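Dear colleague,

Please find below the structure that I am handing over to you. My notes on it follow directly after.

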Amino acid sequence: MSLRKRFWETVPLSKMSEEEWEALCDGCGKCCLNKIEDADTGEVFLTRVACRLLDDYSCQCGQYQIRKKLVPECIQLSPSNIEEHAYWMPATCAYRLLWQGRSLPEWHPLLTGDPESVHAAGISVRNRTVPEFEVDEEDWEDHIIEEPS
Ligand code: SF4
Ligand code: SF4
């Protein structure tokens, strides 16, 4: 099945095909960075410490099809769990934006037709990360960053 024309404007998240759901991802890689959550306030801080499977340049998962086997804590986002996870997801994430009833940003690859547009707009984590196997978890707070947006 091919993508329906401008499906993100007319089809609810729960009615999208698997292909449409996957196409919503802009490839920014920000959800694959480790976060620190303040247990008292619930505030979430983003770090530049990336999941061990994230490629810093492409911002893609190195083993997307078998990621759950290699990284059991990886969260597989779906229409049924987005409400639970939206609070920590990047502000520019297409899933979060549509779930909030908002539009896709103008640099989104679905609108530009170019997967590089997310990087050109400075939204992605390209060349900004350090792999988690290089940083002890107790030092993650030294790597807190502002979300590229
Ligand atoms: S933050 Fe959202 S849009 Fe960006 S890579 Fe993750 S799922 Fe895709
Ligand atoms: S396993 Fe892949 S998709 Fe999951 S957080 Fe790591 S890099 Fe991202």
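In which loop is the place of Trp140? In this predicted model, Trp140 lies in the loop between β3 (130–131) and β4 (144–145). Trp140 counts as partly exposed because 18 other C-beta atoms lie within 10 Å, whereas a buried residue would need 20 or more. Leaving out residues up to four places away in sequence, Trp140 touches Asn34, Ile36, Thr47, Val49 and Val135. Ser2, by contrast, is 138 residues from Trp140 in sequence and 41 Å from Trp140 in space, C-alpha to C-alpha.

The largest nonpolar core has 21 residues, of which Cys28, Cys32, Leu33, Ala50, Cys93, Ala94 and Tyr95 touch the most other members. At least two residues of this core come from each of β2 (44–50) and α5 (94–99). The contacts of Ala50, apart from neighbours within four places in sequence, are Cys32, Leu33, Asp56, Thr129, Val130, Pro131 and Glu132.

Two ligands deserve a separate word. Around ligand 1 are Cys25, Asp26, Gly27, Cys28, Gly29, Lys30, Cys31, Met89, Pro90, Cys93, Ala94 and Tyr95. This shell comprises eight nonpolar, two polar and two charged residues. Ligand 2 is surrounded by Cys32, Cys51, Leu53, Leu54, Cys61, Arg67, Val71 and Cys74; by class, seven residues of the shell around ligand 2 are nonpolar, none is polar and one is charged.

With kind regards

Terms used: Residues numbered from 1 in each chain as written. Chains lettered and ligands numbered in written order. Predicted model: local features only at pLDDT ≥ 70, side-chain atom pairs only at ≥ 80, totals over all residues. Near = placed C-beta within 6 Å. Nonpolar A, V, L, I, M, F, W, Y, C, P; charged D, E, K, R; others polar. Helix = DSSP H or I, 4+ residues; strand = E, 2+ residues; numbered from the N terminus. Buried ≥ 20, exposed ≤ 12 C-beta atoms within 10 Å, placed from the backbone. Contact = placed C-beta atoms within 7 Å. Core = buried A, V, L, I, M, F, W, Y, C linked by C-beta atoms within 7 Å.
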